[in-house]
Amino acid sequence: MSQTDFLGSVGGGGGPRAWAGSSKARGTQRVKQLSDSRIFGADPLSPDNHPWYKGALGEVSVGRILERLGPEWTVLHAVPVGAGTSDIDHVLIGPSGVFTLNTKNHTGQSVWVAGRTLMVAGKKQRHLHNAGYEAARAAKLLTSGANQAVDVTGVVVIVAPKSMTVRERPSGVAVVTDRQLLRWLNGRPTVITPTQKALVAAAAVRAGTWHRNPPAGADAASLQHEFAALRTLVDRARLRRAGWILALLIAAPVVLANLTRIF
């Protein structure tokens, strides 16, 4: 069974490779390493790399949460879709239906939702529109692949927000935080039979269902190792920068005192 015929990150919750296929995780391979300046805490990420790194952290976090789903669920991660490089963060198929998850890492930010409007730190975002589009696209592809009508619900998963206020629930798309996700999924009613679920899952794991020219599967273990190494570098650099700042704050009074004596 070739990797181009079937998607690799599959199973009840996705297992330890839950995040490894992420297009954002693959960005690890193009990070600029500033090794000569590490002693001073130089950031190993270039400014262009920060958005995908933040997104990858969110996908990793949600992927690990999804590992806790039971065996009755089929979970796919970073599903390449269409003809280009787009992907769907997570696709879930279980007793309560079929879902596409659009993960958004808004750590420490306030999120406000009212109908068709979603704002982060006071700025309007297109998360609801994008999640609805992904779900409609997935429904069309799965309906064709399974040869039966497949309804898909789009879900925006907000990772680690400072707060999330929902004034009015959006129509056709769900919005939950990462902490609410499992409870929300497990609390939904059963809407498809095991037979229906098996048919949809069989279509979903075929890469050709989603992409015109399915890419070859990546080495999940290698990607996971590379991303873990990068995360260690980023965290160490942050600690070094904090250490230098603290050292300067401690040394400043001494330097000023000496300068006062001199002048």
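Which residues touch the most other members of the largest nonpolar core? Let's start there.

## The largest core

Leu142, Val152 and Trp210 touch the most other members of this 20-residue core. A nonpolar core is a set of buried Ala, Val, Leu, Ile, Met, Phe, Trp, Tyr and Cys residues joined through side-chain atoms within 4.5 Å; buried means under 20% relative accessible area (1.4 Å probe, protein chains only). Helix 3 (127-146) is among the elements supplying at least two residues each, and its share of five residues is the largest.

Leaving aside neighbours within four places in sequence, Val152 is in contact (heavy atoms within 4.5 Å) with residues including Phe99, Ala138 and Leu142. A second, separate core has 17 residues, among them Leu69, Leu92, Val159 and Ala174.

## About the model

This is a predicted model, in which local features need pLDDT of at least 70 and side-chain atom pairs count only at pLDDT 80 or more, while totals for chains, interfaces and linings use all residues. Residues are numbered from 1 along each chain as its sequence is written, and side-chain values use heavy atoms, with hydrogens and water left out.

## The sheet

Five strands form an open sheet in the order 1-2-3-7-9, with mixed pairing. Strands are DSSP runs (E, at least two residues) and helices are too (H or I, at least four), numbered from the N terminus; two strands pair if DSSP finds at least two bridges between them. At the edges, strand 1 (74-80) and strand 9 (173-177) each pair on one side only.

Strand 7 (residues 152-159) runs parallel to its partner, strand 9, over five bridges; there, Val156 has Val175 as its bridge partner.

Notes
Buried means under 20% relative accessible area, exposed over 50%, partly exposed in between (1.4 Å probe, protein chains only).
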